[in-house]
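Dear colleague,

I am passing on the structure that we spoke about, together with notes on what I found in it. Please read them with the model open beside you.

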Amino acid sequence: MANVASTTASAGTEVTARALREAVFTGLITLGLFFLFVGLKTDQNIRNELILTERWGLLATFVAVSMVGRFLIVAYVQPWLAQRKAVKAAAPEIVKGESFFSRNLSKIAIVALVLYPPVIVALVGVQGSLKWVDNFGIQILIYVMLAWGLNIVVGLAGLLDLGYVAFYAVGAYSYALLSSYFGLSFWVLLPVAGILAALWGVILGFPVLRLRGDYLAIVTLAFGEIIRLVLINWTEVTKGTFGVSGIAKATLFGIKFDASKDGFAALFGLPMSSAYYKIFLFYLILGLALLTAFVTIRLRRMPVGRAWEALREDEIACRSLGINTVTTKLTAFATGAMFGGFAGSFFAVRQGFVSPESFVFLESAVILAIVVLGGMGSLTGIAVAAVVMIGGTEILRELTFLKVIFGPAFTPELYRMLIFGLAMVIVMVWKPRGFVGSREPTAFLHERKAISGSFTKEGHG
Amino acid sequence: MTAPLLSVRGVETYYGNIRALSGVDVEVHRGEIVSLIGANGAGKSTLMMTICGSPQARTGSISFEGQEITRLPMHEIARLRIAQSPEGRRIFPRMTVLENLQMGASLDNLKHFKDDVEKVFALFPRLKERQAQRGGTLSGGEQQMLSIGRALMARPKLLLLDEPSLGLAPLIVKGIFEAIKKLNNQEGLTVFLVEQNAFGALKLSDRAYVLVNGKVTMSGTGKDLLANPEVRAAYLEGGRH
């Protein structure tokens with residue numbers, strides 16, 4: 001008994017000693033690596049002379065962070081992981097029934113999203129809710145919708161599209177231009193924007209029908225750039241880099257969100273605030289995103305959706321089964337582009353301003369990254385990825401306390417792409433198939449009776 | 001004699017400038033099992049794919065039920081109920097067995113799906129056990145069964161099989177050949193079979209063709225070819241398990 005206790009105790013001190021040793025090594029390596037990069041900085045003084053600035057404090061922070069990190073990993077994280085592995089290996093495979101939570105995950109998520117604005121308003125007040133509803137709610141939902149739209153092309157049909165932002169741009173400019181030139185309302189132009197984007201999807205689809213993989217990616221990349229360059233250079237219509245400003249806001253059954261007498265706030269006897277418009281926009285993008293999800297789920301069970309997935313797997317086999325791969329690819333491009341167009345017109349109505357700068361390649365890359373990280377084809381995974389990636393970068397803005405460490409000139413937002421890249425590497429190492437890598441089958445011979453039986457019990461019990 | 005179901009006349013197929021088939025004539029009649037045997041690179045799979053329309057024949061003609069199909073695109077040829085279990089099986093690896101079978105039935109928009117899937121499961125009970133499993137996780141033999149099953153879901157008038165025995169254990173090959181025989185006997189299904197396993201194919205077939213360097217050099221009943229000393233020397237001796 002005493003023997004056992006002493007061995008575990010000695011194992012514990014051994015691990016701590018090893019952790020300390022490794023922490024010192026890591027500290028030395030960090031010191032060596034960053035001595036010249038961080039510790040010393042060359043600057044020009046007012047007489048244009050090169051002077052050396054010493055930053056020992058910052059260097060010490062780097063070394064300390066790396067040492068503490070290494071110590072924690074070796075002393076705690078690694079033993080914990082090893083222990084968990086051992087426990088997992090030892091424990092017999094327990095077949096757990098799906099819990100109520102995991103079975104109704106999507107319903108719970110939708111209810112939570114619907115309740116999100118009122119809860120936020122109750123917590124931080126109408127004016128305080130602006131940031132949470134706009135930056136965290138609308139911003140994330142736009143990317144969720146875009147990623148779900150791109151998922152149809154990339155995740156389901158397996159056509160690697162690097163120019164998806166082009167359809168986003170078509171949708172945004174469709175609304176911006178048609179509304180400012182012809183004064184049409186958002187609700188008329190929303191479907192128009194979708195249709196125009198779908199049309200451009202087909203136009204892109206035709207020349208790339210015979211391409212796959214890398215070659216397709218390059219052409220779609222070029223397509224995205226073409227659209228952007230047209231928007232910059234067709235100055236008579238699009239006003240070029242100045243962009244289109246003063247885009248009309250959306251209305252709720254004809255009720256405007258402004259300070260006028262029959263505006264939303266006056267009509268409901270509320271104090272005027274732009275937060276109501278943001279909350280309205282939140283529900284609008286939520287509805288659009290859910291529409292995308294609903295259509296995707298339905299299509300997957302229909303012949304065209306099945307054909308998309310089969311096309312991703314094997315094109316020759318598809319054709320040998322009598323599937324017209326031309327129309328299948330074009331419908332995938334058109335459907336994906338249509339949702340991009342919807343999202344684009346929403347973007348225009350939310351910003352009130354569009355310019356070609358919003359539709360650069362980086363946007364396509366971010367949307368594609370979300371689709372890949374989420375697990376191609378999985379709606380849940382993609383939503384999670386969008387929350388993590390977009391929400392994570394938004395949180396960076398809130399990390400003002402870092403200024404204490406890195407000095408007042410430090411702006412965490414600038415590290416957005418660094419963190420984004422780091423997160424992608426980490427996810428791809430740990431979960432190479434994305435957050436939700438498994439594909440949900442769409443066909444069952446016998447309906448899942450066991451589950452529906454327990455479901456009714458739980459629902460009415 | 002009635003008009004053949006499938007007739008291939010003087011077909012030449014090229015890959016770029018390389019001629020893979022040089023004037024091939026093949027006929028398949030209703031209710032027959034016809035096999036095409038030959039060595040590696042003889043053009044067997046090319047002929048099979050040419051019948052399906054990819055690549056298309058440069059000269060010559062292919063007709064099915066009297067209709068010219070030489071220039072039709074691949075999916076329209078498939079819609080005439082020429083189903084194929086292609087070389088390398090080409091199942092959809094991330095889709096389940098059942099979804100693979102659904103894809104086979106997409107011509108009729110799943111109208112007969114429930115009946116036909118039971119038939120396929122009766123023919124290959126292993127597929128029934130594995131119906132919810134992803135295609136890519138099946139063993140080679142099960143994938144071959146799935147490939148044939150998927151082709152059968154289209155209710156084909158002509159079934160084209162490209163090397164169903166490739167890379168499979170002899171016992172499984174025997175099972176698959178028995179299934180083909182059963183389909184032919186019970187349903188009167190017409191089968192055109194491409195095989196390197198000449199012994200098994202010739203035993204199974206009513207008639208057979210021997211393809212050498214893109215040309216048909218011999219043809220006859222399966223029994224005759226099995227007894228033919230040239231065929232025995234080239235394809236059977238030493239090659240027989």
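A:Val24 is partly exposed because 13 other C-beta atoms lie within 10 Å of its own; by the convention used, a residue is buried with 20 or more other C-beta atoms within 10 Å of its own, exposed with 12 or fewer, and partly exposed in between, the C-beta atoms being placed from the backbone. The residue belongs to helix H1 of chain A, which covers residues 2–39, where helices (H or I, at least four residues) and strands (E, at least two) are DSSP runs numbered from the N terminus. The C-alpha atom of A:Val24 is separated by 44 Å from that of A:Gly137, which is 113 residues away along the chain.

Before going further, please keep in mind that this is a predicted model, in which local features need pLDDT of at least 70 and side-chain atom pairs count only at pLDDT 80 or more, while totals for chains, interfaces and linings use all residues. Residues are numbered from 1 along each chain as its sequence is written, and chains are lettered from A and ligands numbered from 1 in the order in which they are written.

Chain A as a whole has 18 helices and four strands, and its C-alpha trace spans about 80 × 80 × 55 Å along its principal axes. Of its 461 residues, 34% count as buried. Taking contacts in chain A between residues at least 6 apart in sequence, 74% join residues at least 24 apart, two residues being in contact if their C-beta atoms, placed from the backbone, lie within 7 Å.

Where the two chains meet, 20 residues of chain A and 25 residues of chain B take part in the contact. On the side of chain A, helix H11 (303–313) and helix H12 (315–320) each supply at least two residues, and H11(A) gives the most, with six residues. By class, this side of chain A has ten nonpolar, four polar and six charged residues; here Ala, Val, Leu, Ile, Met, Phe, Trp, Tyr, Cys and Pro count as nonpolar, Asp, Glu, Lys and Arg as charged, and the others, Gly among them, as polar.

Chain B is assigned domain 1 (1–81 + 157–241) and domain 2 (89–153), with bounds that come from an automatic or database domain assignment.

With best wishes
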